[in-house]
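Biologist: Could you put the structure up, so that we can go through it together?

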Amino acid sequence: MARKTKKYKCPQCGGDIFSATAHVAQSWMIDEDGSFMELISDCTDVIHRPGLDDVWECLGCEYKDAGEKFLVDAPFMREGSE
Ligand SMILES: [Zn+2]
């Protein structure tokens, strides 16, 4: 059964690999003053994945715009092979 699947493509070059900012939580080792000492884990949780309001950059042509500008509908894509 066909499902509507969201895909992202660069509107300028058609590329499909991008750079965007994710917000992640880190674990720090802190001292008795609560000051940073060293990093224990650089990503314990993902707070915010790159979204449609964030700036995305195409790694093919360096075109930058909001994520929503890269969104294309791919209504005929099939998921799995049922
Ligand atoms: Zn591009």
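Modeller: In this protein 3 strands form an open sheet in the order 2-5-6, with antiparallel pairing; strands (E, at least two residues) are DSSP runs numbered from the N terminus, and two of them pair if DSSP finds at least two bridges between them. Strand 2 (18–19) and strand 6 (64–66) stand at the edges with a single partner strand each, so one side of each has no neighbour in the sheet.

Biologist: What kind of model is this, and how are the residues numbered?

Modeller: This is a predicted model, in which local features need pLDDT of at least 70 and side-chain atom pairs count only at pLDDT 80 or more, while totals for chains, interfaces and linings use all residues. Residues are numbered from 1 along each chain as its sequence is written.

Biologist: How many helices and strands does the protein have?

Modeller: There are 0 helices and 7 strands, where a helix would be a DSSP run of H or I with at least four residues.

Biologist: Back to the sheet, how many bridges join strand 5 to strand 6?

Modeller: The two strands run antiparallel and are joined by 3 bridges, and Trp56 stands opposite Asp65 in strand 6.

Biologist: What else does Trp56 touch?

Modeller: Leaving out residues up to four places away in sequence, Trp56 touches Phe18, Ala20, Pro50, Asp65, Gly67 and Phe70, a contact being two C-beta atoms, placed from the backbone, within 7 Å. Trp56 also belongs to the largest nonpolar core, together with Tyr8, Cys10, Cys58 and Phe70; such a core is a set of buried Ala, Val, Leu, Ile, Met, Phe, Trp, Tyr and Cys residues joined through C-beta atoms within 7 Å.

Biologist: And how much of the protein is buried?

Modeller: Of its 82 residues, 6% count as buried, where buried means 20 or more other C-beta atoms within 10 Å of a residue's own, exposed means 12 or fewer, and partly exposed lies in between.

Biologist: Where does Pro50 lie, then?

Modeller: Pro50 is in the loop between strand 4 (36–48) and strand 5 (55–58), and Pro50 is partly exposed because 16 other C-beta atoms are within 10 Å. Pro50 and Gly67 are 17 residues apart in sequence, yet 7.9 Å apart in space from C-alpha to C-alpha.

Biologist: New topic: what is phi like at Glu62?

Modeller: Phi of Glu62 is near 70°, a positive value in a residue other than glycine. Most residues other than glycine have a negative phi. Glu62 sits in the loop between strand 5 and strand 6, and Glu62 counts as exposed because it has 12 C-beta neighbours inside 10 Å.
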